[in-house]
Amino acid sequence: MKEWKKNIRMVEPYVAGEQPQFEHMIKLNTNENPFPPSPLVTEALKNMNTEKLRLYPDTTSDILVSALAEYYNVKKNQIFVGVGSDDVLAMAFLTFFHSDKPVLFADITYSFYDVWANLYRIPYKTVAVGEDFKLHKEGYYEENGGIVIANPNAPTSLCVGRDFIEDILIHNKDSVVIVDEAYIDFGAETALPLIEKYDNLLVVQTFSKSRSLAGMRIGYAMGNEELIEALMNVKNAYNSYTMSTAAILLGAAAVKDVAYFKNNIKRIMDTREYVRAELEQMGFKVLDSKTNFLFIHHEKIKAKELFEALRGENIFVRYFNKPVIDDYLRVTIGTKEQMQVFLGFLTAYFQNPFVAKKG
Ligand code: PMP
């Protein structure tokens, strides 16, 4: 082997959901919002002074941070923004998980956590979820170098209450606890009020789901001033200009349109419950969801076969070829019309005598 090859940092990358580029498709595979961003975002984009792009962006992202501080009623120095919550989480792993003790996260959760841990050489240990995929708080009582909880969890869609997070904080005064709330706006309870009481809590959220801005890449963390300062220092030791001028302006515009945000969330949650009922009628097991997706399983049809059949019709859902969850599908909630096409396909599929059935 050539000498230089021995110095390559070999990593196992995260595999993102596919981003097919067909004009006509129903894309229910990466939990995007089916509705466009707020009209205020479109307006801000139209009014953007492109002359400004000549300059480097504001390293403090002040316009965006101020809008978030006002919306969440926290101080500006309690907020950190990044290029999607993936960037914020990656930065948080690098900043807060610097111990020889293992970081703890669930064995079934967002599959980027172990990728970052491996990338940064952070020791970690997974905590088994129950047979029903529920998180068990006792699993997080042992000595550790940090904790990450996705709430609601992905891809299971299940959530825990604020009391669950508080219990973990009470048992873990010596490590930073990160709560990844990417899907929090779809009906779950945020841990945000706890940041005033626990200086080791970091709450991470995103503009990619509830604010329809996955393509703009904006995420944020909220926590005690010292945590935020540490994050800022690591970011500034890595790349000062993470947030583009456009992301700062458009993100701030999105936060200001509260009515549009609430209405979209309601539409998605209503569609979710409609789809749940229809799927249950067809014999699917549908996990309780406080997210913009459903995690589903059918006794009679293999998830992989259904995934491929849907794909053949340009209906994209997410299949995970992994132990325990390889007979489940994760289906993003699209518009009601999109979901009706999806359900219509399933109805026809179940009626087709040539469909390979299990058992
Ligand atoms: N956390 C969880 C649990 C997610 O499912 C996702 C979306 N893939 C993210 C974080 C990252 O989202 P983004 O980088 O778009 O904010």
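Helices (H or I, at least four residues) and strands (E, at least two) are DSSP runs, numbered from the N terminus. By residue class, the side of domain 1 that touches domain 2 divides into 13 nonpolar, seven polar and six charged residues, where Ala, Val, Leu, Ile, Met, Phe, Trp, Tyr, Cys and Pro count as nonpolar, Asp, Glu, Lys and Arg as charged, and the others, Gly among them, as polar.

This is a predicted model, in which local features need pLDDT of at least 70 and side-chain atom pairs count only at pLDDT 80 or more, whereas totals for chains, interfaces and linings use all residues. Residues are numbered from 1 along each chain as its sequence is written, and side-chain values use heavy atoms, with hydrogens and water left out.

## Domain division and buried area

The protein chain is divided into domain 1 (21-35 + 259-358) and domain 2 (39-256), with bounds that come from an automatic or database domain assignment. The C-alpha centres of domain 1 and domain 2 lie 27 Å apart, and 26 residues of domain 1 are in contact (heavy atoms within 4.5 Å) with 24 residues of domain 2.

Domain 1 and domain 2 bury about 2,000 Å² between them, with 67% of it on carbon and sulfur atoms; buried area is the accessible area (1.4 Å probe) that two parts lose on being put together, summed over both. Between domain 1 and domain 2 the count of salt bridges is zero, a salt bridge being a side-chain nitrogen of Lys or Arg within 4 Å of a carboxyl oxygen of Asp or Glu.

Arg-276 is found in helix 9 (residues 258-281) and is buried, with a relative accessible area of 11%; buried means under 20% relative accessible area, exposed over 50%, and partly exposed in between (1.4 Å probe, protein chains only). A polar atom of the Arg-276 side chain lies 3.4 Å from the backbone oxygen of Val-286. Leaving aside neighbours within four places in sequence, Arg-276 is in contact with Val-286, Leu-287, Asp-288, Ser-289 and Leu-294.

Arg-276 also belongs to a network of salt bridges that links Arg-272, Glu-273, Arg-276 and Glu-280.

The structure holds 15 salt bridges. In one of them, the side chains of Glu-142 and Lys-125 meet at 2.7 Å, N to O; Glu-142 lies in the loop between strand 4 and strand 5 and Lys-125 in strand 4, so the pair ties together parts that are 17 residues apart in sequence. Glu-142 counts as partly exposed at 36% relative accessibility, and Lys-125 is partly exposed at 38%. Another salt bridge joins the side chains of Lys-197 and Glu-166 at 2.7 Å, N to O; because Lys-197 lies in the loop between strand 6 (177-180) and strand 7 (201-206) and Glu-166 in helix 6 (residues 162-170), the pair ties together parts that are 31 residues apart in sequence. Lys-197 counts as exposed at 58% relative accessibility, whereas Glu-166 counts as buried at 18%.

Asn-144 lies in the loop between strand 4 (124-127) and strand 5 (146-150) and is buried, with a relative accessible area of 8%. A polar atom of the Asn-144 side chain lies 2.9 Å from the backbone oxygen of Glu-142, and the side chain of Asn-144 makes a polar contact with the side chain of Asn-172 at 2.7 Å.

Technical notes: Polar contact = N/O pair within 3.5 Å; in protein donor to acceptor, adjacent residues only side chain to side chain.
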